[in-house]
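Welcome! Here is a short briefing to read alongside the sequence and the 3D view. Take a look at the structure first, and then we will go through it topic by topic.

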Amino acid sequence: MPDTPQLQAQLAALEARFRQRLDDELDTLDDLSAQLQTDPSALQSLRDRLHKLAGSAGTFGYGELGSMARQLEQQAQARLDDATPDAATLASLSSAGAQLRPLLQRNEQSEAQPQQLDAGINDDDRHRRIGLLIEEDDLASQMAQTLDSFGYQVIHLASPEALQEAAPLDALIIDTSPPGSRLLGHPMFQQAASQLPPLLIISSLDTFASRLQAVRAGAVGFFTKPVDLTLLERRLERSFNNQQGGPFRVLIVDDDTELAARYQLVLSNAGIRVDAVSNPHLLLEKMRSFIPEVVLMDLNMPDYSGPELAQVIRLDDDWLRVPIVYLSAETNAERQMSALLKAGDDFITKPISDSTLLTTVYARAQRARMVSDALARDSLTGLLKHADIKEQLEVEVERAKRCHAPVSVAMIDIDHFKNVNDTYGHACGDNVIRALSNMLRQRLRKVDRLGRYGGEEFVAVLPGCSSKDATQLLESIREAFNALQFSYGGQQFHCSFSAGISACEDDEWAEEELLERADRALYQAKQSGRNRLCRNTGAAD
Ligand SMILES: Nc1nc2c(ncn2[C@@H]2O[C@H](COP(=O)(O)OP(=O)(O)OP(=O)(O)O)[C@@H](O)[C@H]2O)c(=O)[nH]1
């Protein structure tokens, strides 16, 4: 595979150059911020510099810094558009460099400890920040408590003006129901939807007009009182789904290793995971171990043609969802068509510009993931289905072997769930299942994989996590779930779960063994009284 030292050196050189530029850039931002106090004309330069930084930082792995630069850029733009002085914006812009510098340091620290980053529980994943603009104290505190138990960080906002100060927010929930509320008419909500976090609106009016007003305000969710908090949480989660799922995986099939290395450089620089095969005999093996979401296929190779290899891939039902894109200097439309009729989904014509390559791959990968997700996800919980979580376990075990890193598996089963159904009804039981799945999803990291294994049984795959770390994490979720209060028909009740944990802390284990061990540990947890975790470390047991 073309993961050559030269490529690494190229990437490293690019990154080092950017890192060096960052120091200078933050110094310049400091200067401009200071200048802003006395010279308003500095605002335009400040905005332009922030714009550039927002565009480049993420590409080089400084995602948080890039997002903050984007927020500041938007503030500067808003101020440029509106001549009315605004003390809060001015104060924020006057410390632009100071706000960005800690994010750079934070990035640096996490870069310095890649192992810890992998093995850490939850800490690498910032809790999602949810702003609440809710006047009614009872609703605000009930919502804060529920969102907190799902692992969100709740920020209470006293007024729309507080929005800027609270940025960056991952979502904003506003209550428009108090009589005479003009919240949605506030200038803060008149800006483009792309400049606001995803908006969820609560209203006391369940009418077409109130829904239309919500849509026009750019809402991604609309709820009438009394608010079903489980449903609201689910909608929140759905609005985040597009942002989740880890880097796209792209496989390049090309006998020209130099060229493949070039594509790899461009794609991996944009955060895409890339692998390459130059020997077609290894193609199927690579498909199975890497599980790509897009295949980039050279059209003409010495002993094989691209369409032949594409057809070999298409013989296997498992790969029907994976788009195959030909990379070719072939511009003849008829010949392109003939290749596509055999197999394959798209053409990119060589020479390929970096942006064409990236755009095509992104669009294809995004769509493939959406289709895959829609097919793979369980309708009640939105989690991966049985077969798909097993597939993800395979991917993670392979990765763990490659990186010599641990991976843990947790099998989680709600206790006495039949009683919940029998006492409160099946619909209420469904809500309990949803609540646990939402809580797990929130409290696990983005890199973790979570599936609904059976009725009230879940499987979590935790890459980079030792069994000790996994136990600690699951223990905190067990406590939070047990503390969650469910209500049904005026009755209140609590639920619990038991879990079995196993881990692969060396390279020898197969995924089946991990699942079996977790299952045995779960059985043990049930036998010893439920509402507890048991660990199966693989040591004589
Ligand atoms: N509401 C609801 N119930 C389900 C669903 N899938 C499975 N169940 C029910 O979950 C219950 C599982 O019961 P059991 O396997 O006996 O286990 P349990 O009562 O949880 O007891 P322990 O696991 O031993 O603590 C059965 O009554 C199933 O009908 C679902 O999607 N929704």
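**A pair of crossing helices**

- Helix H18 covers residues 426-443 and helix H19 covers residues 467-483; their axes come within 11 Å and cross at roughly 145°.

**Around the ligand**

- The ligand is surrounded by 16 residues, and the closest are Asp415, Phe417, Lys418, Gly429 and Gly455.
- Strand E11 (407-414), helix H17 (417-424) and H18 each supply at least two residues of this shell.
- H18 gives the most, with four residues.
- By class, the shell around the ligand has seven charged, five polar and four nonpolar residues.

**A five-stranded sheet**

- Five strands form an open sheet with parallel pairing, in the order E7-E6-E8-E9-E10.
- At the edges lie strand E7 (273-277) and strand E10 (346-349), each of which pairs on one side only.
- From one strand to the next, the twist averages 25°.
- Strand E6 (residues 249-253) and strand E8 (residues 294-298) run parallel and are joined by four bridges.
- Leu251 has Val295 in E8 as its bridge partner.
- Helix H13 (residues 306-314) packs on the sheet, where it touches E6, E8 and strand E9 (324-328); the direction of H13 makes about 150° with that of E8.

**How confident is the prediction?**

- The protein chain has an average pLDDT of 81, and 86% of the residues score at least 70.
- Among the elements of the protein chain, E11 has the highest mean pLDDT (96), while helix H6 (residues 114-119) has the lowest (28).
- The pLDDT is below 50 over residues 1-8, a stretch that has twelve contacts in the model beyond near neighbours in sequence.
- Residues 111-125 also have a pLDDT below 50, and this stretch has 18 contacts in the model beyond near neighbours in sequence.
- For the model, the scores are ipTM 0.96 and pTM 0.50.

Technical notes. Residues are numbered from 1 along each chain as its sequence is written. This is a predicted model: local features need pLDDT of at least 70, side-chain atom pairs count only at pLDDT 80 or more; totals for chains, interfaces and linings use all residues. Two strands pair if DSSP finds at least two bridges between them. Axes are lines fitted to C-alpha atoms, for helices over the stretch in contact, and angles run from 0 to 180 degrees between N-to-C directions. Two residues are in contact if their C-beta atoms, placed from the backbone, lie within 7 Å. A residue is near a molecule or strand if its C-beta atom, placed from the backbone, lies within 6 Å of it. Ala, Val, Leu, Ile, Met, Phe, Trp, Tyr, Cys and Pro count as nonpolar, Asp, Glu, Lys and Arg as charged, and the others, Gly among them, as polar. pLDDT is the predictor's confidence in each residue, from 0 to 100.
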